[in-house]
Structures are given as C-alpha cells and as structure tokens.
Amino acid sequence: MSRYRYGIDVEAITALDVHTHVEIDGCGHKSLDDDLIAASEKYFKSSQERTPSIDTMAEHYRERNMAAIVFTVDAGSATGHPVNSVEEVAEKAAQHNDVLIPFGSVDPWQGKVAVKRMCTLVDEYGVKGFKFHPSLQGFEPNDRDFYPLYEAMAECGVPALFHTGQTGIGAGLPGGHGIKLRYSDPMLLDDIAADFPELTIIMAHPSVPWQDAAISIASHKPNVYIDLSGWSPKYFPPQLVQAANSFLRHKVLFGSDFPVFHPDRWMRDSDKLEIKDEVRPLIFKDNALKVLGLR
C-alpha cells in the first residue's frame with residue numbers, strides 16, 4: 001500500500017510549484033558533490049539556505065499558501081555520487097501532504113533494476129511522477145535502451161519531468177564538470193512523446209538555446225507541457241511569453257527551481273510580464289492540477 005495520499009486543498013492554494021529540489025536527506029547526505037553545490041550556488045547567486053530540509057521546504061510553501069512537487073535526481077552512474085534518499089523524499093512528503101507532492105528518481109543506467117525500483121516507488125511509496133536530468137545523468141533520453149522506463153511510467157500513469165536546455169549545474173567549472181548540454185536538447189524528447197502518446201511529459205525550464213524547438217514540440221504533441229522554472233521571468237525569451245499567453249496557455253506550468261530560485265522572486269518578476277489575467281491562474285495552478293489528475 002502506498003504511503004502518500006493527496007491532502008492538498010486544490011481550491012485553497014494560490015499556486016502549485018512543479019519544480020523544487022530536495023538536496024539533502026536526514027543523514028546529511030547531499031544530492032550533489034561539494035564542487036557542484038558551490039558552482040550552482042554561484043551561478044544562481046543563491047542568497048538563502050542552499051540545502052534546506054524537506055520539513056523546512058514544507059513550511060516555506062505552507063506559509064505562502066502554495067503546494068509544490070519535490071524531488072531529487074539519481075545520477076550515481078554518471079557522477080559517482082550516490083543519490084540522497086528518494087524514499088525519504090516520499091515519506092516526508094506524505095507527512096506534509098497538504099503542501100508537498102513527491103516525484104521519484106531512478107538511475108537510467110541501471111536498466112531492469114531502475115524499472116523495478118520505479119514500480120516500487122509508485123506502488124509502495126506513492127510517488128506521482130519521475131524527474132530526469134539527461135545532462136547530469138549522462139544519457140540520451142531517446143535511446144531505445146531507456147524505453148522500458150517510459151513504458152513503466154506509462155503503465156503506472158505518472159508523468160516524466162525532463163530537464164531541458166542550459167543547466168547551472170557544473171557551470172563555470174573546468175569542462176562544466178564533464179556535464180554535456182546536448183543531452184538536454186528537447187528535440188530528443190519529441191521521439192519519446194511520439195512513441196509514448198499516453199505518457200505525459202513535462203519539459204523543464206525555458207529550453208535555451210532550443211526554445212523554439214520546445215514550443216514546437218509542446219504545440220504539436222498533446223502529451224507535452226513546459227514548466228517555467230530556473231529563470232527569472234524577466235529573462236524569458238519573448239516567443240515563450242507570447243506562446244504562454246496564447247496557443248500554449250493550457251500547456252505551461254509555474255515552477256521555481258527552489259532552493260536555488262525562490263518562488264517569491266519568480267512571482268515578483270512575473271508581475272512584470274504581459275500575461276492576460278485569464279491566463280495567470282492556468283499557469284500558476286490549473287494546468288498543473290490537470291497534469292497531476294487533480295482536476
């Protein structure tokens with residue numbers, strides 16, 4: 001029996017942040033090595049706590065009358081750094097189910113073990129989706145060796161959230177710490193969207209330098225959405241703002257990238273965007289509720 005049950009009052013919350021990172025577990029183990037943590041902190045100019053506990057995150061969103069999807073990334077094979085506890089993310093989210101929704105993570109290079117772990121996280125821990133970071137995890141997502149992962153998610157009825165575009169992880173380090181941006185080209189996800197039309201896919205972030213590709217995919221494939229995390233809205237490419245305000249109004253989701261990018265700043269900067277009044281509730285909450293099957 002799964003341990004997580006939705007407890008969110010969807011009518012009461014003002015927003016649902018679909019992109020937040022749990023970067024430390026109860027044993028003090030961090031999701032990234034110290035060099036990557038420091039580099040990302042410098043890249044994002046993070047001025048507040050860089051690795052808050054999941055309890056702190058829950059209170060952060062509760063104070064703002066928001067809900068949030070929480071996750072970590074298992075990139076053990078690519079980085080040699082063991083993931084912080086995915087199970088703990090799910091268990092803690094269950095304790096804070098009025099504001100937190102757990103997504104899982106598996107190491108795609110673990111093959112059948114990853115598929116089995118994925119099913120366990122859904123069935124026994126109640127995770128509601130999975131996060132992938134192709135650049136950090138070092139894999140081409142459209143490689144058919146990884147298709148069993150998508151088959152499992154499609155069967156379980158949970159969405160896949162993929163990092164796309166530029167990443168602050170490894171930025172400024174020699175060779176980008178070996179992290180390759182090409183794995184996060186959103187066009188690699190178009191193959192998956194075509195081959196698994198029943199799988200909901202969320203492309204995370206403004207996909208710079210491939211923003212036009214992401215817009216094309218989201219407009220062409222009914223099962224593909226875009227989250228707006230990781231960038232201040234004042235730096236959004238103009239074509240993204242135009243699409244979000246018109247033909248992609250039902251396909252775009254609010255996300256912050258907490259803790260490196262805070263929802264307070266995102267909301268404050270988004271006030272300056274020329275987004276129609278009737279579109280803002282769709283971006284802030286309603287589209288995400290649809291993706292999660294809550295509306």
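Helices (H or I, at least four residues) and strands (E, at least two) are DSSP runs, numbered from the N terminus. The model is predicted: local features need pLDDT of at least 70 and side-chain atom pairs count only at pLDDT 80 or more, while totals for chains, interfaces and linings use all residues. Residues are numbered from 1 along each chain as its sequence is written, and side-chain values use heavy atoms, with hydrogens and water left out.

**The sheet**

Select strands β4 to β8. These five strands form an open sheet in the order β4-β5-β6-β7-β8, with parallel pairing; two strands pair if DSSP finds at least two bridges between them. β4 (130-132) and β8 (252-253) stand at the edges, each with a single partner strand, so one side of each has no neighbour in the sheet.

**Strands β6 and β7**

Zoom in on β6 (residues 201-204), which pairs with β7 in the parallel sense over three bridges. Ile202 stands opposite Tyr225 in β7. Over the face of Tyr225 lies Lys251, at 5.3 Å from the ring centre; the rule requires NZ of Lys or CZ of Arg within 6 Å of the ring centre and within 35 degrees of the ring normal.

Now select Ile226, which is in β7 (residues 224-227). Is Ile226 buried or exposed? Ile226 counts as buried because its relative accessibility is 1% (buried means under 20% relative accessible area, exposed over 50%, partly exposed in between, with a 1.4 Å probe and protein chains only). Beyond four places in sequence, the contacts of Ile226 include Ile202, Ala214, Leu248, Lys251 and Val252, contact meaning heavy atoms within 4.5 Å.

**The nonpolar core**

Select Leu16, Phe130, Phe132 and Tyr150: of the 87 residues in the largest nonpolar core, these touch the most other members. Such a core is a set of buried Ala, Val, Leu, Ile, Met, Phe, Trp, Tyr and Cys residues joined through side-chain atoms within 4.5 Å. Apart from this core lies another, of eight residues, among them Leu36, Ile37, Leu136 and Ile169.

**Helix α11**

Finally, select helix α11 (residues 263-270), where Pro263, Trp266, Met267, Asp269 and Ser270 are buried. The elements covering these buried residues include β1 (15-21), α2 (54-63), β2 (66-71) and α12 (280-291).
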